[in-house]
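Subject: Handing over the two-chain model

Hello,

As promised, I am passing the structure on to you. Please have it open while you read the notes under it.

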Amino acid sequence: MDPMATAESYVLAIGTKKGLWLATSQDRKDWSLSGPHFLMSEVPSIAIDTRDDRTRILVGVRSEHWGPTVFHSDDLGGSWTEPENGAITFPDGTDAALERIWQIYPDAGSRPGVVWAGCEPISVWKSTDGGEHFELNRGLWDHPHRSEWGAGYGGAAAHSIVVDPTGEKVHVAMSTGGVYRSLDGGASWEPRNKGISAYFMPDPNPEFGQCVHKIAADAAVDGRLYAQNHHGVYRSDDDAESWESIAEGLPADFGFVMLTHPRRAGTAWVVPLKADGERIPPEGKLAVHRTDDAGASWKRLDAGLPEAEYNAVLRDAASVDGAEPAGVYFGTRGGSVYASADEGEHFTEVASHLPDVLCVRAAVVSTALLPAQA
Amino acid sequence: MNSGDAMPADSVISVVLPSVLQPLAGGQSILTAPAEAAVTVEWVLDTVTGGYPALSRRLRDETGSVRRYVNIYVNGNEIRRLQGLVTAVAPGQEVLIIQSVAGG
C-alpha cells in the first residue's frame, strides 16, 4: 500500500445559514460528518490554512442577534478560539461596523502568517499572525470611488481576494464595484474591468461598477485570471488590464462560482445558473462545467448529481482541494453537498438536508489530526 | 464588577444576561456596576463589559450602537422607546438584556 495513502486524509468544512459542519474522509468518497458547530449562526466564510506545519480552520461567523466575529480552531473543530478583542473590528474614525466576513484567504506558503479577509461593508483586511488580528486596508477603504460602489442582493462586500506569489499584485472583486487591482501589495488600488459588461447600468461599459460574482487566478500562468460575473464569464491574460468572454459553450453565462485548479494551467470550473430572473440550474439540471483550455471549451460534468435540482450554488459554496487529482466540492442552497475525487468527473453526496450552504472549503491533512474514529 | 461583590443593593445597578451570553462573562448571570446616583445605560454597559470585550461586542457594534436584535430593558421598558443609550438608570435598578424573538 502506498504509505501516503494512509498518511493523508481530507477535511471538508461546510458553512451554512445555521452553523458549520465538518466532514472527514480518507478516500474522498466515504465521508464522516460532524456538527453543527455555531448552531444558529451563519458561516459565510471559511479557510483551512495548512501552512506552517499547522492545520488551522478559520471561520467567519455571524449571529443575527450578536453580530459577526472570527473563530479559529487548531484541532479540527475540537475547540474554537475567538480573539479577546475580536479579529476584525473597524478602527476609530471610520464610523463603520463590521457586518459580515465574506472571505478568508490564506496567502502564499512563503508568507505563512499572512491571511487576508474581505468583508461587508466593502473592505479588505490583512493579518500577519495567522488570522488572529486583522488590519484594515486603508488604500481601499479611503478609495475615492467608495461612495459610488453599490450593494448586490447579498450586501456590499469584497468577496474575492487573489494575491500573486510576489505579494505585490493583489486583485479584489467586490459586489458591486467590479475588479480592483493593486500593484504595490495593497497600498493603492485601481479598477480593472475593461471588457466586462455591466448591461444593467446606463453605460454598459463603465470603468467600475460591474457586478462580479467571483474571480480566481490561474494556477500556473502568471497574469491570467478568470471571472464569473452577473451574466458573463471572462478571462484576462494581462493581470486584468482587459477581459474577454469565455462563455461560449456554457449553457448559461450566469452563476456565482469560479474555481481554478491548484496546479494545472488552463483548468477552471463554473456552475452555471439559468439567468438573472431564474436563478436555478438550466432546466433544473445541476451540472458543473470544466475547462481545460482556459475557456476555449467546456465539458459538462454531472455524474452522480441528482436528476432534478432547483437550488443555486453560491459563490463560496464551492472549493477545490490540493490533492492529485484535485478534488472538487460544492453545496447547494438546498443543503446538499457533493464531492468529486477526480476533478469533477464523478460526484458523491457528502451531506443532504443541511441548511443553505454558504461556503465550503476542503484540504488535505495529516490523518493523525483526525478524531480517533476516522 | 460581578455578582459576588458584596455591596448594598441600592448602591449598584444589576445587568441581567441571557443564558447564551453568560459564558462570555465568566459564567455569571448578573453583572453589577457601582452607582451613587443615576447614570446612563451606556455607562452601565461600558462598566460591566469592560473586562469582557467579547460580551461587549455581542451587545454593541464598533460604532457603539446596540445591535438590531438586542433588546435592553430598564424598569420593563425597552430603551429604544426611552432615550436609547442615554436612558437614565438609578442605583438599585436592573438592566435586562434579552435577545429579540426573530429569525427563521
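This is a predicted model: local features need pLDDT of at least 70, side-chain atom pairs count only at pLDDT 80 or more; totals for chains, interfaces and linings use all residues.

Residues are numbered from 1 along each chain as its sequence is written, and chains are lettered from A and ligands numbered from 1 in the order in which they are written.

Chain B

Chain B has 2 helices and 7 strands; helices (H or I, at least four residues) and strands (E, at least two) are DSSP runs, numbered from the N terminus. Their order from the N terminus is β-β-β-α-α-β-β-β-β. The radius of gyration of chain B is 13 Å, close to the 13 Å from the globule rule for 104 residues, so chain B is as compact as a globular protein of that length. (That radius is taken over C-alpha atoms, and the rule is 2.2 Å times the number of residues to the power 0.38.) Along the principal axes, the C-alpha trace of chain B spans about 45 × 30 × 25 Å.

Of its 104 residues, 27% count as buried. A residue is buried if 20 or more other C-beta atoms lie within 10 Å of its own, exposed if 12 or fewer, and partly exposed in between, with C-beta atoms placed from the backbone. In helix 1 (residues 41-49) of chain B, the buried residues are B:Val41, B:Val44, B:Leu45, B:Val48 and B:Thr49. They cover an arc of only 105° around the axis, so they sit on the same side of helix 1 of chain B; the arc is that of the directions from the helix axis to the C-beta atoms.

B:Asp10 is in the segment before strand 1 (12-16) of chain B. It counts as exposed because it has 10 C-beta neighbours inside 10 Å. Not counting residues up to four places away in sequence, B:Asp10 touches B:Pro91 and B:Gly92, where contact means C-beta atoms, placed from the backbone, within 7 Å. B:Gly92 is 82 residues from B:Asp10 along the chain, yet their C-alpha atoms are separated by 4.1 Å.

Where the chains meet

13 residues of chain B are in contact with 15 residues of chain A. On the chain B side, helix 2 (residues 53-59) gives the largest share, 4 residues.

Chain A

Strand 4 (residues 42-49) of chain A has 8 of its 8 residues buried. Strand 4 of chain A runs antiparallel to strand 5 (residues 56-63) of chain A, joined by 6 bridges; two strands pair if DSSP finds at least two bridges between them. Here A:Asp49 stands opposite A:Arg56. The hairpin of these two strands has 6 residues between them, and there A:Asp52 takes a positive phi near 60°.

Further along, 4 strands of chain A form an open antiparallel sheet in the order 20-21-23-24. Its edge strands are strand 20 (259-260) and strand 24 (299-301), each pairing on one side only. Strand 23 (residues 288-291) and strand 24 of chain A pair over 3 bridges, and A:Arg290 has A:Lys299 as its bridge partner.

Finally, A:Glu132 lies in the loop between strand 9 (123-127) and strand 10 (134-136) of chain A. With 19 other C-beta atoms within 10 Å, A:Glu132 is partly exposed.

Best wishes

Definitions and conventions:
Two residues are in contact if their C-beta atoms, placed from the backbone, lie within 7 Å.
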